[in-house]
Amino acid sequence: MKTQSEIDATLRLLGSAQPPSGLERRILGRLDARRGGGTTLHFVSAAAIAASVALVAAGLTPSIRELAFHGTATTPRALAPRGVPHPAGGFGAASAVHLPAAPIPVQPTPVSQGRGRARSDREWTPGSARVRLPHGVAVPGTVTISQSHPGRMQTHLVTIPAGSHARATNAVAAH
Amino acid sequence: MGTFEGQLVGWLDTGAVARPEEEAQAAITALVQEYSTTLYRVAYSVTRNAVEAEDIVQETFLRVLRHKSKLAELRDPRVWLVRIAWNLVLDRKRRSKTRPETQDIEDVVRILPAGDLSADKVLIAAQQHARILQLIDQLPFKEREVLLLSAVEELSTAQIALVLGTTESTVRSRIFRARRALAAKLNMEGGAR
């Protein structure tokens, strides 16, 4: 019995512990702080979202953008290009006549840009390598009839001397 | 109604309508004034630490604030609040499991009722209570939780059963087994001395 009474006394002591003074006040204060903090947080986040939406809308609308960022709403409307009516009448792209407003300048060709050498004289650059054409290679030139020996032909070979682009002509008599 | 659904139907009054914000705040204030002491005792029975117990009570009401829309449907707020506080206590206890449980005599002296007892008698009583509390901590979990909740004066056996999600007869049998085991441990210690 003494043991049971000791257990009862301990449990009674444990179950009747008095809370520290001001517990309710502290709880209510914390609840108020949480309520106020939550309300302020919600208001700030809602205001931020509304401001960002307004900015995006102003940026996407040209008239609002002009009014907001330049102080005027007098932006002229972009005029659609006028089509030239077909003399014979008609509709659609097939019947349209496209007249340029100004003469179209001719684009300069590589020859007119100073690179007008013959293709055989140009340097050949495969990839990054820079290979020069071999010089002195004979290419067939013109064929003439020998005056002294009418039955024979003379062939003029054109060679490219090394170190210069001057051409030399060697006559080789054909037998 | 042993099932959870049955308990839920018992707690919730489905015919009630939602209250406005001001009424919800007033209801929470009333709950704080009425049940903060009970919740403190529930928390203190496990933590045996005044600061931790108060923290748990505050956390309980913060959860109530989070679910204030359910306040209008509450039928038995005491059970609901104790259940929230009890779950918080168990969570906190589980998290601080690595911390060794020590029973400080000064903590027990602090909760002893101030009377005409001399300092020596207060110290002896505190030592005895601390010894029994240590033995309670050695009980199996289910018996220990029932014994600690039964120590809270404001909770009946039926309410303890609702908090723990069990039946009244189970609560009674667990209390009986817990007290018997505790008495056996006490007698064993007394005989050893």
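Q: In chain A, what share of the contacts with a separation of 6 or more joins residues 24 or more positions apart?
A: The share is 12%. This is a predicted model, and a pair counts as a contact if the two C-beta atoms, placed from the backbone, lie within 7 Å.

Q: What percentage of chain A counts as buried?
A: Of its 175 residues, 5% count as buried. The test is 20 or more other C-beta atoms within 10 Å of a residue's own.

Q: What makes up chain A, and in which order do its elements run?
A: Chain A has three helices and three strands. From the N terminus on, the order is α-α-α-β-β-β.

Q: What makes a set of residues a nonpolar core, and how many residues does the largest one have?
A: Its members must be buried, of nonpolar types such as Ala, Val and Leu, and joined through C-beta atoms within 7 Å. The largest such core has 48 residues. Those with the most contacts inside it are B:Leu39, B:Ala43, B:Val57, B:Val82 and B:Ala85. Helix 2 of chain B gives the largest share of this core, nine residues.

Q: Which residues does B:Val82 contact, leaving aside its neighbours within four places in sequence?
A: B:Val82 is in contact with B:Thr38, B:Leu39, B:Val42, B:Leu155 and B:Val163.

Q: Why is the packing of helix 7 and helix 8 of chain B given the name it has?
A: Helix 7 (residues 141-151) and helix 8 (residues 157-164) of chain B pack at about 135 degrees. Roughly perpendicular ends at 115, and roughly antiparallel needs over 145. The two helices are therefore oblique to each other. Their axes are 10 Å apart.

Q: Is the crossing of helix 7 and helix 8 of chain B left-handed or right-handed?
A: The crossing is right-handed.

Q: Which residues meet where helix 7 and helix 8 of chain B touch?
A: B:Glu145, B:Val146, B:Leu149 and B:Ser150 in helix 7 meet B:Ile160, B:Val163 and B:Leu164 in helix 8. By class, this contact has five nonpolar residues, one polar and one charged.

How values were computed:
Residues are numbered from 1 along each chain as its sequence is written. Chains are lettered from A and ligands numbered from 1 in the order in which they are written. This is a predicted model: local features need pLDDT of at least 70, side-chain atom pairs count only at pLDDT 80 or more; totals for chains, interfaces and linings use all residues. Axes are lines fitted to C-alpha atoms, for helices over the stretch in contact, and angles run from 0 to 180 degrees between N-to-C directions. Helices (H or I, at least four residues) and strands (E, at least two) are DSSP runs, numbered from the N terminus. Angles under 35 degrees count as roughly parallel, over 145 as roughly antiparallel, 65 to 115 as roughly perpendicular and the rest as oblique. A crossing is left-handed if the near helix is turned anticlockwise from the far one by less than a right angle, and right-handed if clockwise. Ala, Val, Leu, Ile, Met, Phe, Trp, Tyr, Cys and Pro count as nonpolar, Asp, Glu, Lys and Arg as charged, and the others, Gly among them, as polar. A residue is buried if 20 or more other C-beta atoms lie within 10 Å of its own, exposed if 12 or fewer, and partly exposed in between; C-beta atoms are placed from the backbone.
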